[in-house]
Amino acid sequence: MPEAHEAAHEAAEQLEEGHHLEGRNKRIALLIAVLALFLSFSETLGKSSQTDAISSNVEASNLWAFFQAKTIRMTQLRVAADSMTVEAMAAADPALKAAQQKQIDDWKKTAERYDSEPSTGEGRKELAERAKHAEEHRDHALARYHNFEIASAAFQIAIVLASATVITGMIVLTYLAGGLGILGLAFMAIGFFAPSAVHLF
């Protein structure tokens, strides 16, 4: 009889321990699901920021190339105008001198338009401003991307640690996973609201 009573008591303890493990594993599974959800958010935000940074970088490069082309054209026109000014001073024919002066004025006017053209935004000064703005936008997007990447790494490691808890039964791994999840959320918030607040790259 005592053996039967002991066996029943042991079976009851095993059943209770099984319920306890099942409840704990469900909580860990829920933690893993939440971490995976935040991981998907940080990955999506990171990819979006990376695409935005690449797009802004291309835009800045194109604007600086356009700026360079305008600079070359402007310089050529100014050199041509200066050269013709010297020729016009030596010209004896008033008609020729007037024609040369008209050409000089046209070149100088075009050179000034290449230097600054607020109406179209395609003068050198306007192009430089637009290119600098695109570079600032690129740097901002890159800062966001780096923060989201750190958040993603934290979530991934947290998922691995939480999964390892189920296998090993070491509860400390769950706490570490939770801590890393909070760290991931912090970097997501930094990436979203103040990407330049933390410089790790």
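This tour moves through the structure one selection at a time and says what is found at each stop.

**Before you start**

The model is predicted, and for that reason local features need pLDDT of at least 70 and side-chain atom pairs count only at pLDDT 80 or more, while totals for chains, interfaces and linings use all residues. Residues are numbered from 1 along each chain as its sequence is written, and side-chain values use heavy atoms, with hydrogens and water left out.

**The whole chain**

Helices here are DSSP runs of H or I with at least four residues, strands are runs of E with at least two, and both are numbered from the N terminus. Of the 201 residues in the chain, 29% are buried, where buried means under 20% relative accessible area, exposed means over 50%, and partly exposed lies in between, with a 1.4 Å probe and protein chains only.

**The nonpolar cores**

Next, select Leu35, Ala151, Phe155, Ala177 and Met188, which touch the most other members of the largest nonpolar core, a group of 15 residues. Such a core is a set of buried Ala, Val, Leu, Ile, Met, Phe, Trp, Tyr and Cys residues joined through side-chain atoms within 4.5 Å. Helix H1 (2-90), helix H3 (124-168) and helix H4 (171-193) each supply at least two residues of this core, and H3 gives the most, with eight residues. Keep Leu35 selected and look around it: apart from residues up to four places away in sequence, Leu35 touches Phe155, Ala158, Ile159, Ala177 and Gly181, where contact means heavy atoms within 4.5 Å. A second, separate core has five residues, among them Leu63, Phe67, Leu127 and Ala131.

**Along H3**

The 45 residues of H3 should span 66 Å, and because its end C-alpha atoms are 65 Å apart, the two values agree. Within H3, pick Ala162, which is buried, with a relative accessible area of 0%. Leaving aside neighbours within four places in sequence, Ala162 is in contact with Ile28, Leu31, Ile32 and Ala177. Just after H3, stop at Gly169, which takes a positive phi of about 80°. Gly169 is also one of the contacts of Arg24, along with Thr165, Val166 and Ile171, when neighbours within four places in sequence are left aside. Arg24 itself lies in helix H1 and, at 12% relative accessibility, counts as buried.

**H4 and the segment after it**

Move on to H4, where Leu173, Thr174, Ala177, Gly181, Gly184, Phe187, Met188 and Gly191 are buried. Leu176, also in helix H4, is partly exposed, with a relative accessible area of 46%. In the segment after H4, select Val198, which is in contact with Asn147, Phe187 and Ile190, leaving aside neighbours within four places in sequence. The C-alpha atoms of Val198 and Ala143 are separated by 8.6 Å, although these residues are 55 residues apart along the chain.

**The charged pairs**

Side chains of opposite charge can pair when their charged atoms come close. A search of the whole structure finds four salt bridges, each being a side-chain nitrogen of Lys or Arg within 4 Å of a carboxyl oxygen of Asp or Glu. Select Lys102 and Asp106, whose side chains meet in a salt bridge at 3.3 Å, N to O; both lie in helix H2 (residues 94-115), four residues apart, about one turn of the helix. Then select Asp115, which forms a salt bridge with Arg124 at 2.6 Å, N to O, and another with Lys125, where the closest N and O atoms are 3.8 Å apart. The pair of Lys125 in helix H3 and Asp115 in helix H2 links distant parts of the chain, ten residues apart. Through shared partners, the salt bridges join Asp115, Arg124 and Lys125 into one network.

Terms used. Expected span 1.5 Å × (residues − 1).
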